[in-house]
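Thanks for coming. I have one structure to go through today, so let me put it on the screen.

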Amino acid sequence: MRKRSPGPLPPIAPPEPTMCSLSCHQNPNRDTPGTYNIESTGWPLSGILGSRSLVSVPATMSDSSKTHLEHYHSAPAAPTPTPVRRNWWWKYRQMIREPAAEFAGVMILIIFGAGVDCQVVLSANTGVAASQLGTYSSINFGWAVGAALGVWVSGGISGGHINPAVTLTLATWRGFPWKKVPSYIFAQLMGGLVGAALVYANYIHAFDIVEGGRNIRTLKTAGIFSTYALDYMTAVSCFFSEFLATAVMMIVVLAMSDSRNMPPPNGLAPLVVFFLILGIGMSLGMQTSYALNPARDLGPRILTSMVGYGKAVYTFRNQYWLWCPILGPLMGAQAGAMFYDVFLFEGEESPVNKPGSGAKNSVAKGRLQAEGDIA
């Protein structure tokens with residue numbers, strides 16, 4: 001029995017005279033099976049194949065089906081809603097909205113992370129609680145929740161970096177604007193300081209009991225807010241621990257945002273971040289308390305030096321605060337991004353994948369040929 005040719009496909013959108021960016025009745029290649037020149041102006045091809053793409057279709061497809069295929073791939077993208085100016089504050093909010101989101105994200109990270117540290121460490125004193133409330137696992141879960149919620153609050157506005165190491169890495173490897181980097185990092189640092197201040201104010205009486213008075217503050221409780229390595233760790237081992245953990249974190253973050261890999265469904269990135277931080281804490285966190293984030297360590301450290309801990313938080317192990325929880329994560333994130341881009345990433349955003357002169361000439365020649373075919 002002879003197969004019937006397929007009938008026309010239903011239109012993807014209401015037919016409009018200007019819907020297709022090329023003339024369906026004047027395209028000389030329309031009746032030629034194989035490759036068709038289609039000018040894509042919106043989703044899904046504009047972000048994947050470029051502004052003018054070669055789309056392969058089956059040779060057996062009917063003319064009407066080809067027509068609808070051309071209409072579908074050249075339909076303009078839905079317009080992005082523009083925020084409406086409502087009052088005098090609107091324009092000022094637009095100027096500070098992204099840094100403010102980073103500030104809020106880091107603040108929430110510290111409120112949950114330092115908060116669970118306070119609860120577990122301070123409750124070990126019988127003057128604070130009858131029994132210790134929580135374990136090391138509680139600390140890992142608390143920091144994971146804080147990271148996930150911090151990304152949730154800021155992700156849709158600023159991208160949810162909440163980490164200077166991530167911001168600098170995205171500027172280096174993903175084209176994030178360098179002009180935004182200083183405001184992002186400053187906001188992240190202030191978020192860490194303010195978050196720590198809020199937690200300290202909430203638990204100040206427990207601190208007084210554990211330390212023995214309001215005017216007594218020692219490194220015994222400074223580790224609640226910032227990271228301090230275990231005594232047996234050498235300087236090289238401390239740096240490597242932070243370098244390794246942050247490199248792993250950055251690889252997962254880049255994989256999560258790679259459309260050619262396996263990105264999570266829209267809105268579920270915080271869940272991936274939750275498991276990422278939880279896993280790092282449970283597997284790599286014991287020796288240096290897994291700072292991973294210069295703002296998470298330096299912001300609270302500044303707070304401790306302001307409330308009575310003094311310069312000891314900086315002089316600990318020959319300026320440990322600089323070369324381990326700051327330089328370790330900064331360099332580890334860059335190393336993780338380099339690994340991912342050299343061996344795994346195929347997007348043009350990375351400097352590793354910038355086309356050479358030969359590739360650029362081939363692309364230009366292909367575009368000129370495509371334009372000639374359409375004309």
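A word on handedness before the helices: a crossing is left-handed if the near helix is turned anticlockwise from the far one by less than a right angle, and right-handed if clockwise. This is a predicted model, where local features need pLDDT of at least 70, side-chain atom pairs count only at pLDDT 80 or more, and totals for chains, interfaces and linings use all residues. Residues are numbered from 1 along each chain as its sequence is written, and side-chain values use heavy atoms, with hydrogens and water left out.

The chain has 14 helices and 2 strands; these are DSSP runs numbered from the N terminus, H or I of at least four residues for helices and E of at least two for strands. Of its 375 residues, 42% count as buried, meaning under 20% relative accessible area, with exposed over 50% and partly exposed in between, using a 1.4 Å probe and protein chains only.

Now the helix pair. Helix α5, residues 181-202, packs against helix α10, residues 294-306, at about 50 degrees, and their axes are 7 Å apart. That makes α5 oblique to α10. For the cut-offs, angles under 35 degrees are roughly parallel, over 145 roughly antiparallel, 65 to 115 roughly perpendicular, and the rest oblique. The axes are lines fitted to C-alpha atoms, for helices over the stretch in contact, and angles run from 0 to 180 degrees between N-to-C directions. The crossing of α5 past α10 is right-handed.

Which residues in α5 meet α10? Among them are Leu189, Gly192, Leu193 and Tyr200, and the α10 side includes Leu298, Gly299, Pro300 and Met306. Contact here means heavy atoms within 4.5 Å.

On to charges. The structure holds 5 salt bridges, each a side-chain nitrogen of Lys or Arg within 4 Å of a carboxyl oxygen of Asp or Glu. Asp297 and Arg301 are both buried. Elsewhere, shared partners join Asp208, Arg214 and Arg217 into one network. Asp208 to Arg214 is 2.7 Å, and Arg217 to Asp208 is 2.7 Å, N to O. Asp208 is buried at 12% relative accessibility, whereas Arg214 is partly exposed at 43%.
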